[in-house]
Structures are given as structure tokens and as C-alpha cells.
Amino acid sequence: MKVNGKHYRALWIENSTVCMINQNLLPFEFKIHYCSNINETCEAIKTMITRGAGSIGAAGGYAMLQTILENKNPEKLYSELILSKQKIDSTRPTAVNLFYATQRVLEAAKISKEFAIKEALAIADECVEQSKLIGKFGNEIIKDGFAIETHCNAGWLALVDYGSALAPIYAAFESGKKIFVYVDETRPRCQGSRLTAWELFQQGVPHSIIPDNAGAHYMSHKKIDIIITGADRIAANGDTANKIGTLEKAIAAKFYNIPFYIAAPSTTFDLSTKNGNEIIIEERDQNEVLYFSGKNNFNKFSEFLIANPGSKAINPAFDVTPANLITGFITEKGIISTNETSIKNLFKN
Ligand code: MRU
């Protein structure tokens with residue numbers, strides 16, 4: 001998507017340097033962060049300089065590529081890649097796109113180094129193509145005049161380009177539909193108020209940020225026509241892990257009879273995870289809950305304690321929404337229902 005008239009992806013690779021929009025500085029500063037080796041790329045994933053399931057998948061692929069490009073002894077390449085995969089996979093435990101990417105490059109390396117390079121580069125490109133199609137299919141269920149609620153950031157920052165939940169919104173807006181987006185703030189890291197709001201603002205899409213606990217209020221007042229969020233991992237039975245707070249929205253949507261869709265590429269579906277109970281939920285540092293970060297009156301980044309000094313916090317990064325609360329999955333192959341058979345069919349040609 002464009003930033004100040006110039007097209008950017010959330011991340012890309014130049015020679016062996018992974019370049020990424022520093023999402024921790026947005027919306028206050030637009031800066032590119034450079035990772036010159038696999039350790040720096042892993043650190044950037046861990047600290048969420050790049051984030052969102054699709055983008056961390058692409059970063060994982062690029063980190064494997066950095067190992068290939070740094071390799072000095074071809075006989076040791078495969079064992080080096082196994083170690084790199086372990087290192088990359090340990091950065092964040094929930095989004096399956098990361099493991100999909102590292103596994104794909106490792107498998108390709110069994111055939112040839114050249115094929116592994118091709119596969120590592122293809123992950124980001126395919127994510128972009130899938131996102132475009134998610135936009136096209138998702139646009140079909142957005143009617144003119146719709147108000148859409150979304151949670152976290154499932155836009156182009158999270159999926160290299162276009163997005164998952166935001167792709168249908170961009171497509172609807174570009175096709176001339178009058179839409180309005182309710183953007184959940186998404187505490188504690190505020191991916192909604194910082195990143196989704198920034199994205200929508202850049203593209204001119206009408207929106208307002210709402211506090212995380214305001215969704216049910218607007219649903220009860222019939223202000224919301226549809227809810228679309230992204231996903232970090234979808235189990236074989238349709239249970240879906242996404243940013244903490246998604247489950248509450250889905251429960252409220254069911255109560256008020258509002259369609260609740262998950263938009264995700266097939267790379268986010270994980271048939272080896274039978275159901276939501278098997279998904280590992282990342283626990284992040286308590287300081288993300290206890291402190292707020294932003295710019296102060298002197299235009300300097302600052303952190304503020306916003307809780308009782310001495311109290312501890314617990315910080316689960318994701319929750320799991322059971323399949324029976326989800327109306328359908330918007331994928332690059334069309335909109336599918338949430339049962340096991342439809343999910344399996346996604347992987348048939
Ligand atoms: O912790 P984050 O910011 O990486 O979590 C991202 C989300 O939960 C998104 O909603 C999800 O990745 C879907 S968009 C690819």
C-alpha cells in the first residue's frame with residue numbers, strides 16, 4: 001500500500017538484509033528497520049518490530065534465506081537450516097505462518113539450495129496475492145452503507161500488503177461503497193488504535209477508534225453490521241486463535257446476531273492442530289499491560305506507568321474463538337464454512 005504516495009510492503013529483502021517498517025514506532029514515526037543477519041531478524045520478530053501472522057511468516061522465510069546466503073560450507077547447509085528453524089520458531093509461539101514458512105524452506109533445501117531460495121522469496125509474494133483475493137471475496141459480503149468492526153491489526157502491516165480483515169474493507173472502499181469502520185483499540189499493545197487507525201487514515205477510509213470494551217455497546221445499539229478479524233492459527237475443527245479480545249467480540253456478536261467473519265489465507269490453517277485447546281497462547285511481558293508508551297508533549301517517546309505501583313499483571317497475547325461462534329472464513333479460495341470438511345477441502349486442488 002502507499003505511504004505518502006510511495007508503495008511499500010511491510011517488509012522485504014535487499015541482498016541479505018531484511019528491511020521492515022518499524023511497527024513499534026508507528027503511528028508516530030515511519031522508519032525502516034534493517035536486519036543484516038538471522039539473529040537480528042529473530043529479535044525483530046520477538047520484539048514485534050514486524051508483526052502479524054503473514055508478516056512474521058514472510059520474516060521467517062527471509063531469516064531462513066539469510067542462513068542460506070551466509071552459508072560457507074554447502075555440506076553443512078541443511079544442518080544449519082535445522083538450527084535456524086529452531087531459532088526462528090522460538091521467537092513467537094502462536095501464529096502458524098511462522099512455522100509454515102520455516103518448514104517450507106527446510107523442505108525445499110532437501111531438493112536444492114536454489115529451490116530453497118526460490119521458496120523463501122515466494123512466501124511474501126504469495127501472501128500478497130492471497131491478501132488481494134481475500135479482499136475480492138470479502139468485498140462481496142460488505143454492503144453499501146455497512147459499519148464494520150475489526151480487532152487488532154489485520155491490515156497490510158500484518159500481511160506484507162493489503163491485509164486479511166482489512167483487505168475486504170479496502171476493496172469495498174475502492175469500489176465506491178460507503179462504509180465506516182469501528183476500530184477496537186486492542187489493549188495492551190494497541191494494534192488497533194496505533195496501526196489499523198494509521199492504515200485506514202492513510203487510505204482515507206472513514207473510521208473511529210473505540211475502547212476495547214465498547215464493542216458490545218455498539219452491537220446492542222445496532223451500529224455494527226458485520227465484524228471481520230484476522231487469525232493467527234485456525235485449527236482443523238475451525239477453532240481460531242487471534243488477538244486477545246477477539247473471543248469476547250465473537251460472543252457478543254452471537255448474542256446480537258451479527259455476522260462474525262475471520263479473514264485468513266490458507267497458510268494460517270493448521271490441520272495438524274486438531275482443536276483450539278492445542279494452540280499455544282503466547283504470554284508476553286507484564287510491562288506491556290502496566291505501562292503505556294507514546295509520544296509526550298516534547299515529541300519524545302516515553303513510557304508511563306498506568307497501574308498501581310507494585311501490582312503485577314498477566315498478559316496473554318491471544319485467545320481462541322470456538323468455530324461455532326464464527327460465521328465463515330474469508331480465504332483466498334473464497335468464503336468457506338467453519339466445519340472440518342470445508343477446511344480440509346481448502347487444501348485440495
Ligand atoms: O501480536 P500480533 O500483533 O502479531 O497479533 C496479530 C494478530 O492477532 C492479528 O489479528 C493476526 O495476525 C491476524 S492478521 C495476519
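Modeller: A polar contact here is a pair of N or O atoms within 3.5 Å, and please keep in mind that this is a predicted model.

Colleague: What are the distances from a ligand oxygen to the side chain of Arg 51 and to the backbone of Ala 53?

Modeller: For Arg 51, an N or O atom of the side chain is 2.5 Å from an oxygen atom of the ligand, while for Ala 53 a polar backbone atom is 3.0 Å from an oxygen atom of the ligand. The ligand taken alone exposes 410 Å², and the protein buries 99% of that.

Colleague: Where does the ligand sit?

Modeller: The ligand sits in the largest cavity, and because domain 1 (2–130) and domain 2 (132–345) both give residues to the shell around the ligand, it lies between them.

Colleague: And what kinds of residues make up that shell?

Modeller: The shell divides into eight nonpolar, seven polar and four charged residues, with α2 (53–70) and β11 (240–243) each supplying at least two residues.

Colleague: Switching to the backbone, which residue does a cis peptide bond join to Leu 26?

Modeller: That bond joins Leu 26 to Pro 27, with omega about 5 degrees, and Pro 27 lies in the loop between β4 (17–21) and β5 (32–35). The peptide bond from Arg 187 to Pro 188 is also cis, with omega near 5 degrees, and Pro 188 is in the loop between β7 (180–184) and α7 (191–203).

Colleague: What is the phi of Thr 186?

Modeller: Thr 186, although not a glycine, has a positive phi of about 70 degrees, and Thr 186 lies in the loop between β7 and α7.

Notes: Residues are numbered from 1 along each chain as its sequence is written. This is a predicted model: local features need pLDDT of at least 70, side-chain atom pairs count only at pLDDT 80 or more; totals for chains, interfaces and linings use all residues. Side-chain values use heavy atoms; hydrogens and water are left out. A polar contact is a pair of N or O atoms within 3.5 Å; within protein, one must be able to donate a hydrogen and the other to accept it, and residues adjacent in sequence count only if both atoms are side-chain atoms. Accessible areas come from the Shrake-Rupley method with a 1.4 Å probe; for residues, only the protein chains shown count as cover. On a 1 Å grid over the protein atoms alone, a cavity is a set of points where a 1.4 Å probe fits but cannot get out, and a pocket is an open set with protein on both sides within 12 Å along at least five of seven lines; lining residues have an atom within 4 Å of a point. A molecule sits in a cavity or pocket if more than half of its atoms lie within 2 Å of its grid points. Helices (H or I, at least four residues) and strands (E, at least two) are DSSP runs, numbered from the N terminus. Ala, Val, Leu, Ile, Met, Phe, Trp, Tyr, Cys and Pro count as nonpolar, Asp, Glu, Lys and Arg as charged, and the others, Gly among them, as polar. Domain bounds come from an automatic or database domain assignment.
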